[in-house]
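Please read them with the structure open.

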Amino acid sequence: MALFRLNPLAPQEPALSIANTDDVLQLGDRLKGVRLIALRFPKFTDGRAYSQARLLRERLGYGGELRATGAVFLDQLPFLLRCGFDSFESDQKGFGPALAKARTLFSVVYQPTGDGRATAGQLRLGRRNSVAA
Amino acid sequence: MPDTHFYRYDDYDRALVAERVEQFRDQVQRRLAGELTEEQFKPLRLTNGLYLQLHAYMLRIAIPYGTLSTRQLRHLAAIARKYDRGYGHFTTRQNLQLNWIKLEQAPDAIAMLAEVDMHAIQTSGNVIRNVTADHFAGAAADEIEDPRVWCEIIRQWSTLHPEFSFLPRKFKIAITGSPNDRAAVRVHDIGLRLWANEAGEVGFEVIVGGGLGRTPMIGKTLREFLPKDELLAYLEATLRVYNRYGRRDNIYKARIKILVHEIGVEKMRAEVEAEYAATKDGALKLAPETIEAIARQFAPPPLRPKRTKVPEVEALKLENRAFALWLKSNVAPHRVPGHAIVTASLKPAGAPPGDASAAQMEGVADIADAFSQGEVRVSHEQNLVFPHVAVESLPEVYRALERLGFAEANIGKITDIIACPGLDYCALANARSIPVAQRISNHFAELSRQHDIGDLKIKISGCINACGHHHVGHIGILGVDKNGVELYQLSLGGDVDFGRTALGTILGPAVEADKVVEAVDALVATYLEARQAGERFVDTYRRIGAAPFKERVYGAV
């Protein structure tokens with residue numbers, strides 16, 4: 001299994017591994033000081049870890065490394081990145097090159113998430129306001 | 001060509017759809033090169049509308065809120081000619097299905113769709129599906145607000161949603177803006193009903209956990225009144241609860257209706273409201289300018305009130321009985337006096353319900369350009385609708401539809417049958433649906449008789465997945481397989497009208513294919529003898545119960 005990390009120098013200790021049936025909102029003190037959290041995709045069609053990732057990033061303010069493990073394929077990358085994952089275990093051929101391109105595969109996004117990308121809606125609002133001003 | 005009176009893509013929408021085509025092209029190439037297994041490829045093709053049927057791939061094209069410009073409809077005809085066998089099938093979810101697509105050509109077909117700002121994104125798979133709406137939206141006399149504005153807002157939010165692209169199961173949303181629900185909102189994963197409260201504010205009733213399939217359920221009210229600008233925050237909260245807690249151990253128990261049933265609507269509400277409280281007033285709250293900008297694009301065409309009594313129409317009514325019946329069943333009131341909403345019947349006697357050839361699609365586009373502001377709608381009852389027709393043009397529209405074979409005066413009648421594709425196409429089916437529909441349609445073809453029988457909805461599914469909505473048919477027909485023989489189970493009393501939504505009750509043992517017509521005939525005869533003034537079939541059934549129907553049917557077959 002190869003490991004791909006967007007921030008290769010980030011600390012990986014202490015680490016926490018979470019099952020996709022765990023309620024991340026109940027982690028409480030266990031999150032304190034943690035620098036790596038591994039979330040799991042038992043099957044790539046099981047999407048519970050996407051919600052866990054967004055809750056960790058956006059609700060709980062978790063800023064350490066967030067790793068996708070298990071059945072992780074390159075076609076999930078645009079979704080994984082938008083939900084806050086920045087590290088990936090995958091043995092799929094072509095995963096590395098796909099990761100390099102995944103962020104620009106779609107130049108437009110519609111949903112506000114913790115990744116900070118401006119949505120089409122926000123860009124339109126900005127355009128209208130600049131025309132109005 | 002007239003301007004469109006619904007949402008027009010801007011460069012953001014266009015860029016996303018184009019990029020999606022290229023992504024899919026790459027995925028198909030990797031599949032053909034053996035780099036993706038079928039197991040890996042399947043969810044990818046499904047969320048691009050590509051379904052593997054019995055004989056070939058089927059492409060399910062999204063028609064958001066069932067609204068099409070004539071330019072789009074002509075282009076669909078061209079795609080059907082170029083990549084399929086020159087016809088298509090309009091579905092109960094306001095989509096168009098092409099049944100004979102080749103995998104290698106699918107990316108090109110989808111690229112051709114993108115030329116007219118259309119796509120097949122999320123028309124299948126365990127994702128938020130194409131959102132459906134009242135097919136009379138923006139034209140109906142009884143409408144509070146145009147629901148399509150909200151369908152478009154949801155379309156954008158749900159498209160490639162990063163968190164909700166691998167849900168436990170498919171997720172269907174429908175919206176109505178009228179008190180007379182024509183979108184069946186109580187039998188969807190989420191149904192939204194626009195209504196005005198005592199203060200005169202318009203908001204949504206949010207209904208959750210309805211659905212048909214093998215465990216039919218009527219949806220329950222999750223939120224009585226939701227402010228409109230909080231819609232996306234509330235939907236995101238609901239979907240998040242479903243994504244986290246929906247069952248994934250058994251696909252037959254994975255829909256949100258099972259979650260709601262198992263934990264109860266109170267617990268579901270508590271979970272959703274807690275999630276919503278943590279996110280509302282956040283980035284998903286809709287700015288008034290955003291809502292206005294989209295609503296402006298749905299501004300109705302500038303129709304001037306016209307005379308409502310037109311001598312030519314009155315004269316034709318007297319001399320042509322079929323036209324008179326057509327006015328009754330296929331023409332609905334428009335909000336602007338002197339105009340009407342016309343439904344073209346895709347159920348001529350003996351035809352497969354919902355099918356249209358490329359030439360017929362072009363003919364419909366010609367009529368819409370000449371008489372309906374260049375706009376066509378697809379109804380969930382598998383018919384096509386001209387939303388804005390002047391009363392004075394009705395005779396011409398009728399004649400043009402006659403030439404296309406779409407002038408049958410049977411909307412809402414016994415031959416306006418909903419049927420799934422069934423065993424003729426579908427890999428899941430246990431029995432054929434289309435031939436059964438065709439037999440009933442031929443048997444009851446005589447128009448005066450149909451109008452005498454009155455409103456009667458027959459819905460046919462070829463298996464318990466219930467794509468033909470048999471649970472909510474006044475007469476529901478379900479195909480089952482018994483030791484290799486196709487049998488049909490009858491149920492009575494289903495309904496999707498708002499406030500009367502009900503699931504049908506099974507009448508008795510299933511009957512053989514060649515006995516279905518006799519059985520339906522016996523049901524109708526029972527009704528005709530027992531009905532009181534003004535009663536529809538389903539009203540009589542409710543009053544007198546199943547026994548007389550049962551006796552007649554099982555005595556007869």
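**Notes on the predicted model**

1. Helix 14 (residues 434-443) of chain B packs against helix 16 (residues 516-530) of chain B at an angle of about 50 degrees, and their axes lie 9 Å apart. That makes helix 14 of chain B oblique to helix 16 of chain B. Angles under 35 degrees count as roughly parallel, over 145 as roughly antiparallel, 65 to 115 as roughly perpendicular, and the rest as oblique. Axes are lines fitted to C-alpha atoms, for helices over the stretch in contact, and angles run from 0 to 180 degrees between N-to-C directions. Helices (H or I, at least four residues) and strands (E, at least two) are DSSP runs, numbered from the N terminus.

2. This is a predicted model: local features need pLDDT of at least 70, side-chain atom pairs count only at pLDDT 80 or more, and totals for chains, interfaces and linings use all residues. Residues are numbered from 1 along each chain as its sequence is written, while chains are lettered from A and ligands numbered from 1 in the order in which they are written.

3. Which residues meet where helix 14 of chain B touches helix 16 of chain B? Helix 14 of chain B brings Val436(B), Arg439(B), Ile440(B) and His443(B); helix 16 of chain B brings Val516(B), Val517(B) and Val520(B). Contact here means C-beta atoms, placed from the backbone, within 7 Å. By class, this contact of helix 14 with helix 16 of chain B has five nonpolar, one polar and one charged residues. Ala, Val, Leu, Ile, Met, Phe, Trp, Tyr, Cys and Pro count as nonpolar, Asp, Glu, Lys and Arg as charged, and the others, Gly among them, as polar.

4. Chain B also holds an open sheet of five strands, in the order 3-14-15-12-11, with antiparallel pairing. Two strands pair if DSSP finds at least two bridges between them. Strand 3 (67-69) and strand 11 (331-333) of chain B are the edges, each pairing on one side only. The twist averages 30 degrees from one strand to the next.

5. Now the interface. In chain B, 32 residues are in contact with 28 residues of chain A. Helix 1 of chain B gives the most to the side of chain B that touches chain A, with six residues. The residues on that side divide into 15 nonpolar, 10 polar and seven charged.

6. Chain A has four helices and five strands. From the N terminus on, its elements run β-β-β-α-β-α-β-α-α. Along its principal axes, the C-alpha trace of chain A spans about 50 × 40 × 30 Å.

Key: Contact = placed C-beta atoms within 7 Å.
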